[in-house]
Amino acid sequence: MSRRTRFSQAAVAVSVIALAAVGCGKSSTDTTSDSKKSSSGYTGKGIGLAYDIGGKGDQSFNDAAYAGFQKAETEFKIGGRDIEPQDGESDADKVQRLEQLAKSGYNPVIGVGFVYAPAVKEVAAKYPKITFGIIDDEQDKAANIADLVFHEEQSSYLAGVAAAKATKKNHIGFIGGVDIPLIHKFEAGFDQGAKSVNPSIKIESQYLTQTPQEGGFSSPDKGKDAAAGQIEKGADVLYHAAGLSGQGVISEAASKKVWAIGVDSDQYAQSSLAKYKDWILGSALKNVGGAVYDLAKSVVDGKPLSGVVRGDLKSGGVGFADSNPKYKALTAVVAAVDKAKQDIIDGKVTVKTTQ
């Protein structure tokens, strides 16, 4: 039976780590222990996590998932294993990775990213007693699958409001990693939010690649080049939804002393981006870590989530980070973002998911 829940309200801090290169499908962390039995009857080895393109260390999407993984391990005193992706891998590689985790007794097993949809569907059918989660996709329907999705357009709307209030040139930019419907939601919300402040604002838009396999989510150099082009055209606030490629956007924005807006995690707080943080205005948050944690908790508690579990502004599943003191000092920007957030929560504003 499908169950719905709000994502955890508590922020899940992302642990920043230095990564060495990992091999094809290699486990980057393995805190495996004997199967544990809780008072609820949980007997799994812990959480199995399979990363999306870009892997751990992207300071964004994958690292947010890892933060939830770590929090659940610590709080529930269970083991865990997380596995890196490989470049140019096939769906068969993803199937093998998830089967490896399920066969080893990890529960839940979570695919980080929509690219895992076919693999989750196939492997979940073979292991009906294990709960599977997939982040950013809701096409898989089964009693043992939880579709962990978000209203990304809502947090992107707040990013658009912030950008339109902070720009000095009435000229801003959006950089998407891959030209796909999921990232279109980010752009649609951003544009709508910006135009709610200034209907005539100029908005640059660029997608780095047409497919994930071309590196749109994993190529900081592509992000840097795109940012340089938009800044040259006159944009002075850039919002990215590009995973690891977004590091290039942020570094280029900082070097040219224009604002960048991060995505998924609070990128101002990431140590590897510390040298650029003065120019990170804020970040459109997606509580991927909370989703991972909540799914693990539901399994440990013996009440596994299934069906569509969607995070929004009201539940704390998405939001806008205000860690930068320079952002907080921009009182007109802060007031506009706070008002927009409340208007969305109250139903006064409905954010579009397409242009």
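**Strand β10 and its surroundings**

Strand β10 lines up with strand β11 (residues 280-286) in the parallel sense, over five bridges (strands and helices being DSSP runs numbered from the N terminus, E of at least two residues for strands and H or I of at least four for helices; two strands pair if DSSP finds at least two bridges between them). This is a predicted model, with pLDDT of at least 70 needed for local features and 80 or more for side-chain atom pairs, while totals for chains, interfaces and linings use all residues. Residues are numbered from 1 along each chain as its sequence is written, and side-chain values use heavy atoms, leaving out hydrogens and water.

Getting from β9 to β10 takes the chain through helix α7 (residues 246-255), a right-handed β-α-β crossover (clockwise from the first strand over the helix to the second, with the strands pointing away from the viewer). As for cover, six of the six residues in β10 (259-264) are buried, meaning under 20% relative accessible area with a 1.4 Å probe, protein chains only; over 50% is exposed and anything in between partly exposed.

Gln-213 is another story: it lies in the loop between β8 (202-209) and α6 (220-233) and is exposed, at 57% relative accessible area. Its C-alpha atom is 9.4 Å from that of Val-178, 35 residues away along the chain.
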